[in-house]
Amino acid sequence: MRLLLPIYRLGIQGRIMVVVGLLSVLQIGLVGGVFLAQHAQTIENLTGSRALAIAQTVAQLPAIRESLTTSNVSKVQDLVEPIRKMTGAEFIVVGDSSGKRLSHPIVARIGRQMIGGDNAAALVEGKSYVSKAIGSLGPSIRGKTPIVSTSGEIIGLVSVGYLQTKVDSVVFQHQFLLYGLLAGVIFLAMIAAVLIASHIKRAILGLEPEEITRLYQEQNATLQSVSEGILALDSEGYITQFNLAAVKTLQLPKSWLVDKLKQSVTSLFKEGDLLLAMQQQGQPIKDLALVVNDQAIIVNSQPIPEGGMVFSFRCQDEMGQLTEQLSQVKQYSDTLRVQSHEYSNKLHTLAGLIQLGEHSKALALIKQETSGVQAFMNFLRSAIPDPELAAIVLGHYHRAKELGITLLIEEDSYLEGLPATFDRMALVTILGNLVNNAFEAALQTITANPTVKLGVTDSGNEIIFEVEDNGIGIPDNLLDSIFEKGTSTKNQLGHGIGLYLVKQAVERLSGMITIETVSPQGVRFVVYIPK
């Protein structure tokens, strides 16, 4: 392990280069070593086979047999020496039946006993063979064969040899080329290791394995922390990533979590074909409304450059609630701005009256203002005891005064306290948006007195809101789509959301809403909400 520590300290590119390089050297070294050893053995075997073939040829010469029979030593030397020079053998020694030399490259050694101790198999057993032994000329590879007379008697032997030093020299010359070839292969392997490491480094965006692990962990934690459902598909429409919010939002079966990845999106729900079609178009999707497993959701998507797409899902009800909350915040903000603006003007008027010495008129103005507001607030406390609804009505009362609109509240309006579990924010959304729309419609009236009427009752088993204006009404071509998102009688950007939110809130409370035309002009919205 200590030897591997320096490698672990390297980056991924360095590790790949070292590992691939070491493996290449190890493999090529082992294969090359075995090959070189076999090559050397092959050369030695070929040398021995050649020596034996020459020996057998010499042993079959009739002149050699005749010379041994007549013991004509000089004739043997004259016959063998030309053959030795022609074949390149180091020595061709012919011996008699006792192993005494009858020929030798060094003439002075003729007549002496053959050295090496490897003649018995030829002289006694009559075998032909290859041997290694140390003779008078040094270590050599020898081919030995018996000389047999015409009567079948062993009368001598022939020994042909090549010195081991010369064989090794031939082996080295051949191996030198092989060493160069192996070195070239190792060099190419190192270059390939560098190229492979560089390619892998680029493919993983220059990150190290530890960084990839951390990014994966962060990605998984991020996916699970997001409240929106996330679903990632590859280029073939198989799911590669998801979070638990997607399972909840899409109402997928819990058993799907066991085998969650590499499933086709088309097998999970019938709208999977639509998601696959969106992916194949390769275009981002923004706020697309779908119904998946009877659940209304909003879909957004972003294509992946390498193929595939990431989808995000959010329940449409959640989107509506967020929009309602934003709308309510805006309404409260407008109410505070109106009140601030209105009372600022009145304070300036009071300051002017006091400076002019008109103290009685200042007191009268204060009395008028406090009595009017106080009377209206007393009416609200008794008619609408619920603080959220009373606050939205009070805010619109002040805003109507600022806009120059007459806001009439039915005297018999009454809404008793609601249960704690009742969705008050939905009622605020309904009432606030209907009155705001009525204000905008009333300002377009052709008369000189824009008027909005508001009635709130809870007699029987229903809560009833009535909001009426004397505006120009709703065109016939918009009546069927007036509650759809983006539909508006105004052309300015940002309109077409109020009545859409009203419709959603009414449906969430299991209520209904109707539109009535008021004579001679104007519109009345009536909302029925079961208690």
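Reader: I'm looking at α12 in this model. Which of its residues are buried?

Author: Keep in mind that this is a predicted model. A handy general idea first: an α-helix has 3.6 residues a turn, so residues three or four places apart point the same way. In α12, the buried residues are Leu-389, Ala-390, Ile-392, Val-393, Leu-394, Gly-395, His-396, Tyr-397, His-398 and Ala-400.

Reader: How many residues does α12 have, and what does it reach from its first C-alpha to its last?

Author: Helix α12 covers residues 387-403, which is 17 residues, and it reaches 24 Å from end to end, close to the 24 Å expected at 1.5 Å a residue.

Reader: Let me try α13 the same way. How many of its residues are buried?

Author: For α13, 15 of the 19 residues are buried, so to speak "mostly covered". Helix α13 takes in residues 424-442 and reaches 27 Å from its first C-alpha to its last, close to the 27 Å expected at 1.5 Å a residue.

Reader: Okay, now pairs of helices. At what angle do the axes of α3 and α4 cross?

Author: The general idea is that two packed helices are described by the angle between their axes and the distance between the axes. Here, α3 (residues 62-70) and α4 (residues 73-87) have axes that come within 9 Å and cross at roughly 160 degrees. An angle over 145 degrees counts as roughly antiparallel, and α3 and α4 are therefore roughly antiparallel to each other. The crossing of α3 past α4 is left-handed.

Reader: Which residues make that contact?

Author: From α3 you have Ala-63, Ile-64, Glu-66 and Ser-67, and from α4 there are Lys-75, Val-76, Leu-79 and Val-80. Sorted by type, the residues of this contact come out as five nonpolar, one polar and two charged.

Technical notes
Residues are numbered from 1 along each chain as its sequence is written. This is a predicted model: local features need pLDDT of at least 70, side-chain atom pairs count only at pLDDT 80 or more; totals for chains, interfaces and linings use all residues. Side-chain values use heavy atoms; hydrogens and water are left out. Axes are lines fitted to C-alpha atoms, for helices over the stretch in contact, and angles run from 0 to 180 degrees between N-to-C directions. Helices (H or I, at least four residues) and strands (E, at least two) are DSSP runs, numbered from the N terminus. Angles under 35 degrees count as roughly parallel, over 145 as roughly antiparallel, 65 to 115 as roughly perpendicular and the rest as oblique. A crossing is left-handed if the near helix is turned anticlockwise from the far one by less than a right angle, and right-handed if clockwise. Contact means heavy atoms within 4.5 Å. Ala, Val, Leu, Ile, Met, Phe, Trp, Tyr, Cys and Pro count as nonpolar, Asp, Glu, Lys and Arg as charged, and the others, Gly among them, as polar. The expected span of a helix is 1.5 Å times one less than its number of residues. Buried means under 20% relative accessible area, exposed over 50%, partly exposed in between (1.4 Å probe, protein chains only).
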